[in-house]
Amino acid sequence: MPYRARTTAFGLSLAVMVLLGFRAVCYAAPGKASTPSTSQVQAPAPVSRQEAAAKLRAGSGSAVSPKLEGLRLLPENATLWGAKASQRFVVMGSYSDGVERDVTSIARLSLSREGAARISGNAKVVAVADGQVTLTASVGGRSASTSIRVSGSEEQRPFSFARDLGGIFTKRGCNNSDCHGSVKGKGGLKLSANALYPRDDYKWIVEGGTYQVLSADPGEKIPRINLKEPDKSVLLAKPTMELAHGGGQRFNKDSADYTTILDWVKNGAPYGKEDTQGAVRVVGLDVMPQEVVLDRSGKQQLLVTAQLSNGRREDVTEAVLYTSNNPEVVDVNEDGLVSAVKTGETSVMIRAAGHAISTGFGVIEKPVSNYPVWRARNFIDEQVFAKLKKFNIIPSEDSGDAEFLRRVCLDLAGTLPPPKRAKEFIDSRDPQKRDKLIEALLGSPEFIDFWTFRFADLFRVSFEQGSPAFTKMYWEWMRNNIASNKPYDQVARERVGGQGYNGPTRHWYGGSDLRRPQDMMAEEVRVFLGRRLDCAQCHNHPYETWSQNQFWGLTAFFGRLTHIGDLGGAGPAVIFDDPAGHGENGGGAKVLHPRTKQEVPPSFLDGKVLAETARVDLRQRLAEWMTSPQNPYFAQAAVNRIWGYFFGRGIVNPVDDFRLTNPPTHPQLLHLLAKDFREHGHDLRRLMRLIVQSKTYQLSGVPNESNRDDRINYSHALPRALEAEVLLDALSHVTEIPETFEDDSGARMPAASRAVDIVFFDTFPSQFLDIYGRPNRLMVPERKGEANIAQALHLLAGPTYTEKISKEGGRVDRLAKAGLTNREIIEDLYVAALSRLPTAEELGFLTKRVSQRASRREALEDLVWSLVTSREFAYNH
Amino acid sequence: MKAVCSRLYGRALPRATWELASLGLLVWAVLLAHPRDVEAVASREPEVLSLFPLGGSAASVIEAEVLGKSLEGAYTVWSNREGVTGEVRAVEDTELVEFKKGLMDGGSKKTKANRAVLTLKVAAATPPGISLIRLLTPGGVSNALPFLVLAPQEPSVDEIHGPHDSPSQAQRITIPAVVHGKVSKSGEVDFYEIEAGKDQELVAEMITKPVTAPSSVSAGFSTALALFEPTGSWFSEHQLNRLAYSDESVAGAVPTHSVLRHKIPKQGRYLLRATSLSSKGGPEFSYQLRIALTGRPSLFDRLRESQSQGGNDPWQERDFTRRLEPDRLKQLWGRSLRSGHGQVDRKPDAPLKIKEISDHLSNSESAVSKDEEALAPVLLRDEEPNDSPQGVKKIQLPAIIEGSIAHPGDTDSFKFQVEKGDAVAFEIETPATAPPLFNPKLAVLDETGREFLGNVFRRIARNFTFYAKTIQPKTVFTFELGGEYTLQIRDITSRVGDPGCQYRVLVRRQIPHIGEIETNVDRLNVSRGSSRKLNVTTGQEEGYAGDVAITLEGLPEGVTAVPGTEVKPDRGTNPDEGPRERFLAKAETATILLAAGADAPLTAIPRTITVVARPVVDGIVGPPLRSREVLLMVVQERRAGGKEEKETH
């Protein structure tokens with residue numbers, strides 16, 4: 001319809017938009033009464049979720065003060081090793097409302113006997129002499145005990161620069177990425193972020209010099225310590241503000257940290273033992289408690305324990321740095337005491353020298369006393385609902401059939417259900433109908449087309465492959481993988497280790513040249529391991545443990561990748577690894593560290609260097625390591641990515657940004673999904689089946705009072721913008737006017753081709769697809785699904801909408817000429833576009849408005865326009 | 001090289017090659033039956049773009065259509081094979097959409113074109129194979145188009161006239177069949193319905209240019225062939241389930257000859273969909289679709305096999321599919337000449353006189369010494385295990401080693417002995433699977449196991465940003481140290497290997513000789529009173545340092561051949577090509593101008609000009625090496641648009 005006509009019909013359009021706009025907010029899809037799914041039949045809830053949520057809203061979830069029902073002490077069975085060793089304890093109380101609270105501040109602590117240890121402030125027990133004691137905590141008539149063993153109380157712990165000074169630098173924030181831990185340091189002092197590289201830190205402090213990205217030359221060397229006059233050391237004068245310090249005061253002269261550093265300088269600034277000399281080092285951190293629920297006034301003391309390389313453990317609660325990932329939800333002080341601020345969910349990051357860990361916090365209003373109980377369909381539900389219960393979030397009702405149908409068709413096949421099928425499904429009373437539908441969709445040709453499209457996106461099938469034939473080769477490989485349900489680890493091995501003249505090897509093409517080894521490596525790690533190492537190309541990663549050495553060590557696996565033949569599309573090229581050194585860019589097979597200019601041996605991400613005798617077919621070795629059952633990254637990255645397609649966000653989000661500072665929302669779920677994926681042959685279809693069969697996936701998009709703000713716990717379905725291609729196909733489906741894909745030379749895809757079928761996406765320009773976020777695939781695509789002004793303009797006057805709606809032979813044209821009643825037509829259009837029937841309110845309103853219009857045809861066109869421009873249409877929900 | 005061009009001044013040569021010209025007699029007969037005024041129309045040089053149908057059965061008469069440019073006045077058909085003849089029944093004007101050349105480039109324009117209606121006759125005894133069809137016009141002889149003569153068991157079927165671009169409209173085909181169809185417009189797909197039984201092997205081929213057709217043949221379009229099962233789906237009962245797609249890995253960057261093989265899962269109805277990969281189409285987008293269910297070798301395989309059996313160009317010096325037979329040394333000596341073996345004894349720097357050349361043109365034969373002939377290489381077979389240099393078989397030069405890379409990672413090793421200063425050539429043939437699917441990598445190791453010689457040629461490529469590498473079927477090397485060396489053969493990747501990865505490696509001492517002889521054109525239309533340029537490039541192999549005498553046989557009356565020069569653009573020097581001479585022959589190009597006198601008789605049919613090269617060493621003229629044949633016609637002076645047409649080559 002022309003733009004003019006659309007504006008004259010605005011009255012109707014606006015009215016329908018108001019109706020749909022409302023629906024778009026709540027995403028309710030009641031339609032006909034749903035047939036209960038199997039899981040619903042098996043899981044009668046004592047109190048419905050809506051009822052429980054209503055209770056919560058009314059404040060009746062916790063009418064009386066909860067009663068303390070039990071106590072426990074953290075940690076249990078502690079061992080204090082070494083002179084002056086200490087351990088903080090936390091007393092946790094279990095209450096009748098199901099919440100466990102930190103009651104340390106009101107607990108009375110006592111030891112079974114004097115002599116072995118003593119209790120100091122802050123619930124800390126300090127070693128006195130070797131022996132065993134029992135610590136007892138009492139609150140309100142309840143008590144809990146734990147044993148404490150003291151040993152080695154005469155032994156002084158040997159000094160370690162890495163642990164002792166690295167710990168101070170970390171605790172005091174000196175080596176933060178925005179301070180001296182930044183790429184080139186600050187104020188002439190470079191420290192490794194989080195004390196990841198203590199030997200480097202030692203050098204910068206003792207010898208001086210500054211870090212250069214492209215050179216190992218440190219420039220002028222000015223030591224930061226003064227061995228002759230230790231208290232004049234810059235390392236002490238700056239953080240105490242005796243000298244001007246951009247970072248402000250970090251500690252004062254009376255502090256233990258000052259004394260530690262001063263003593264170290266006085267002792268000649270030793271490094272201590274190297275790891276290779278048997279130095280005791282920290283190998284990991286533990287934090288207690290994990291996944292904490294606080295009410296609005298709640299507080300929780302964290303306990304952090306270092307795992308040492310000698311097998312012992314050490315309380316480092318007061319020696320680590322705490323950071324709240326969202327201070328608007330919880331605040332944390334420097335001693336690790338966390339305080340609730342407002343309802344929400346976040347995590348607290350804990351950093352010690354060379355290590356980091358996090359723990360999750362949820363702040364709730366009031367606990368629900370009668371939380372609904374129901375049975376999980378599979379382990380996904382067990383994990384998701386356990387957390388929801390813990391965090392006092394009540395999941396939404398199960399989705400209605402219409403809502404589920406539309407969602408699962410779009411998610412599995414990228415296609416709206418045909419109206420006839422939609423009506424059949426909604427009318428069916430078969431309790432197994434959802435499972436049967438899932439199987440039908442997983443076995444459909446549309447599934448193959450759609451997931452080929454999605455992986456062609458992820459795997460960047462594009463003009464970079466050199467010629468249409470080569471692009472098609474790569475695409476066909478991807479399609480065959482989907483069609484045959486090839487194990488995903490095999491897919492990864494074929495691509496990462498690909499050699500010869502075949503589909504996966506076309507991936508390495510970068511136009512007329514091969515892509516650079518470092519770019520190849522970073523992409524493979526991102527796609528298959530979910531890690532972004534790019535920062536480490538030029539310097540150690542500022543937020544993560546990835547070092548520049550690791551980056552180039554991994555890159556070394558790609559150093560031999562080369563080709564014979566023409567990459568420009570004129571002839572076939574063969575990809576292979578050349579051990580003799582015919583490397584790219586004339587550089588030979590050696591990969592050189594950009595700073596040191598030294599050859600970097602191929603080494604895995606865990607730091608293990610590939611043995612010289614194994615340096616044959618390097619990329620295959622890497623692919624095997626990546627997909628090894630012992631490597632947790634691969635399966636986790638894969639399931640997280642697939643999960644993201646179905647829920648709009650990953651358990652780790654973004655889906656390819658696994659890092660310590662971006663923890664998973666459901667770590668155990670991620671672990672179990674990955675385990676299941678691994679144990680079942682990396683079967684993508686099985687994984688998808690598992691997901692869409694879960695109650696979690698099948699929850700309604702209509703939120704309740706308790707979960708309205710939830711965006712990360714899967715308590716209700718969240719709307720997800722349709723991918724540009726899927727949206728265009730849906731538009732063609734509703735209007736019954738297929739899109740014509742044509743380039744400016746007249747090349748045209750076959751009639752009725754879908755946008756998801758486009759192989760040469762560079763060839764067929766589409767303003768619509770560009771506006772709605774079709775990526776260029778020059779890098780790993782990220783479809784954000786964000787609205788923009790161009791979309792708004794296109795909705796109003798874009799030819800894709802207006803022409804399809806009003807074109808002769810389209811759905812409106814057909815329906816208008818078919819002698820149907822207005823009601824029949826409106827119902828048909830609703831089912832076609834939204835996979836549901838209109839509500840009585842909608843039907844009554846629209847029937848009246850259509851009949852009032854002078855031009856029935858225009859009224860119907862306006863109705864279609866309103867439907868297809870609604871959020872309910874443009875989103876999967 | 002100093003190319004020596006003889007001035008023949010139209011003199012009939014004693015050994016003029018009339019073989020192909022004799023085929024033209026058939027055409028001449030047609031011409032006499034349909035006399036045309038060949039002087040009536042003079043136009044631009046004719047160019048043919050497509051032929052429809054692309055083939056036909058023996059003992060049949062076929063109505064055919066050729067689309068092209070400057071075909072006005074076309075008066076007959078020229079074929080390079082006996083048994084295929086034709087006549088032009090009509091020529092009319094038409095329009096074609098001309099797409100930009102670049103595969104990914106956009107843009108097109110409408111261009112004036114011609115449509116010629118032909119009657120092609122395929123004689124009863126004509127064996128199956130590829131014929132090259134050309135049209136003769138007053139502007140001369142056109143470029144070639146392939147025409148596939150079918151075997152008796154291959155029934156030819158025409159595409160139906162109505163639409164069959166949807167599964168429900170699919171054209172029903174009984175197998176075996178050869179369908180001739182067109183992708184008549186952009187976006188068109190052609191569906192064909194077949195019946196097949198469980199476990200039958202379907203072999204379907206879509207051909208727009210046969211895989212072994214000469215590069216001079218007009219290029220076909222990129223094909224795309226898919227097999228479907230009409231199963232329907234939950235979404236639509238009409239949905240097709242795709243079972244297979246043509247294997248591009250056999251067809252290269254522009255797949256003009258696609259092959260689809262599929263084992264039929266169950267008895268039933270299946271659909272084949274033929275279209276163009278680029279989604280482009282037009283009246284010139286004609287194709288041949290061959291469908292068989294027997295599991296017989298495809299045409300693709302048969303053509304490849306024929307090619308590897310030497311059924312192609314007269315001499316292949318550097319092609320992985322050339323045959324390396326025990327008579328290879330004799331063949332090489334036949335392309336060479338050694339001082340003392342010829343009839344003329346002269347000093348090395350003494351000038352060669354025309355008379356001496358002339359004397360030898362008529363009677364010189366191979367100057368191969370009987371001793372050299374006797375040195376037939378020993379034939380050896382690869383015997384496993386021989387992956388490492390220890391304890392492997394020792395070969396005596398010359399030797400041909402036959403073997404296969406039977407599994408991924410397989411390496412075959414052999415030892416050989418050379419003397420200091422020995423100049424050795426290593427030649428590789430791939431009799432079955434060839435590059436890019438099997439890429440034999442040859443390496444020579446010294447006694448420490450260090451690889452110092454291989455067949456990967458590396459040179460700096462475009463913009464000096466990276467090295468372009470190719471594997472070469474031949475490597476030459478002069479050993480500075482005598483002793484025992486190890487020859488290793490493997491696939492260049494570590495993933496390829498099966499019994500089909502066969503190789504033959506000839507290790508021998510170098511024989512300086514003339515290699516491949518190429519011309520820049522395969523047809524020349526010379527206007528009266530003007531000239532056309534013919535470039536003849538000869539390879540100088542293995543240190544050949546003599547001259548090459550080039551003569552043209554079969555020049556028509558009134559046409560003279562004179563030496564010329566060509567100014568080539570200065571491309572600068574390539575800074576790092578490594579030991580180029582180790583992998584590539586030196587090549588010299590002689591430019592010959594073919595001039596037609598103002599009164600030269602017009603030719604109604606092309607004359608076949610044979611380029612003959614002779615080695616000239618130390619003033620001794622060696623045996624004639626007949627190589628490329630060029631079709632030549634003398635045409636009326638052109639006056640297209642009032643301007644002389646520019647050179648098109």
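The legends below go with a set of close-up views of this predicted model.

Because it is a prediction, local features are described where pLDDT is at least 70 and side-chain atom pairs count only at pLDDT 80 or more, while totals for chains, interfaces and linings use all residues. Residues are numbered from 1 along each chain as its sequence is written, with chains lettered from A and ligands numbered from 1 in the order in which they are written.

**View 1**
Chain A has 30 helices and 26 strands; helices (H or I, at least four residues) and strands (E, at least two) are DSSP runs, numbered from the N terminus. Of its 877 residues, 49% count as buried. Here "buried" means that 20 or more other C-beta atoms lie within 10 Å of a residue's own; "exposed" means 12 or fewer, "partly exposed" is in between, and the C-beta atoms are placed from the backbone. Take the contacts in chain A between residues at least 6 apart in sequence: 65% of them join residues at least 24 apart. Two residues are in contact if their C-beta atoms, placed from the backbone, lie within 7 Å. The domain assignment lists domain 1 (68–151), domain 2 (161–277), domain 3 (282–364) and domain 4 (447–628) of chain A, and such bounds come from an automatic or database assignment. The centres of domain 3 and domain 4 of chain A, taken over C-alpha atoms, are 38 Å apart.

**View 1. Helix H17 of chain A, tucked in.**
Seven of the eight residues of H17(A), residues 548–555, are buried, so the rest of the structure largely encloses this helix. Among those buried residues are A:Phe551, A:Trp552 and A:Leu554. The buried residues of H17(A) pack against helix H16 (517–529) of chain A.

**View 2. Helices H28 and H29 of chain A, side by side.**
H28(A), residues 840–852, packs with H29(A), residues 856–868, at an angle of about 145°, and their axes are 8 Å apart. Axes are lines fitted to C-alpha atoms, for helices over the stretch in contact, and angles run from 0 to 180 degrees between N-to-C directions. From H28(A) come A:Leu846, A:Arg849 and A:Val850, which meet A:Arg856, A:Ala859, A:Leu860 and A:Leu863 in H29(A). Sorted by class, this contact has five nonpolar, no polar and two charged residues. The classes go like this: Ala, Val, Leu, Ile, Met, Phe, Trp, Tyr, Cys and Pro are nonpolar, Asp, Glu, Lys and Arg are charged, and the others, Gly among them, are polar.

**View 3. Where chain B touches chain A.**
Here 51 residues of chain B are in contact with 50 residues of chain A. On the chain B side, strand S29 (467–471) gives the most, with four residues. That side divides into 21 nonpolar, 20 polar and 10 charged residues.

**View 4. Strand S23 of chain B and its partners.**
Strand S21 (residues 378–381) of chain B and strand S23 (residues 399–404) of chain B pair in the parallel sense over four bridges; strands count as paired if DSSP finds at least two bridges between them. B:Arg381 stands opposite B:Glu402 in S23(B). S23(B) also pairs with strand S32 (residues 502–509) of chain B, this time antiparallel over six bridges, and B:Ile401 stands opposite B:Val505 in S32(B). In the loop between S22 and S23 of chain B you'll find B:Pro398, and the peptide bond from B:Leu397 to B:Pro398 is cis, with omega near -5°.

**View 5. Strand S34 of chain B, covered on both faces.**
All five residues of S34(B), residues 523–527, are buried. B:Arg523, B:Asn525 and B:Ser527 lie on one side, with B:Leu524 and B:Val526 on the other. S34(B) pairs with strand S41 (residues 625–635) of chain B in the parallel sense over five bridges, and B:Ser527 stands opposite B:Val635 in S41(B).

A cis peptide bond joins A:Leu74 and A:Pro75, with omega about -5°. A:Pro75 sits in the loop between strand S1 (68–74) and strand S2 (78–81) of chain A, and A:Asn77 is found in the loop between S1 and S2 of chain A. A:Asn77 has a positive phi of about 50° although it is not a glycine, and with 9 C-beta neighbours inside 10 Å it counts as exposed. B:Ser279 has a positive phi near 65°, but with 29 C-beta neighbours inside 10 Å it counts as buried.
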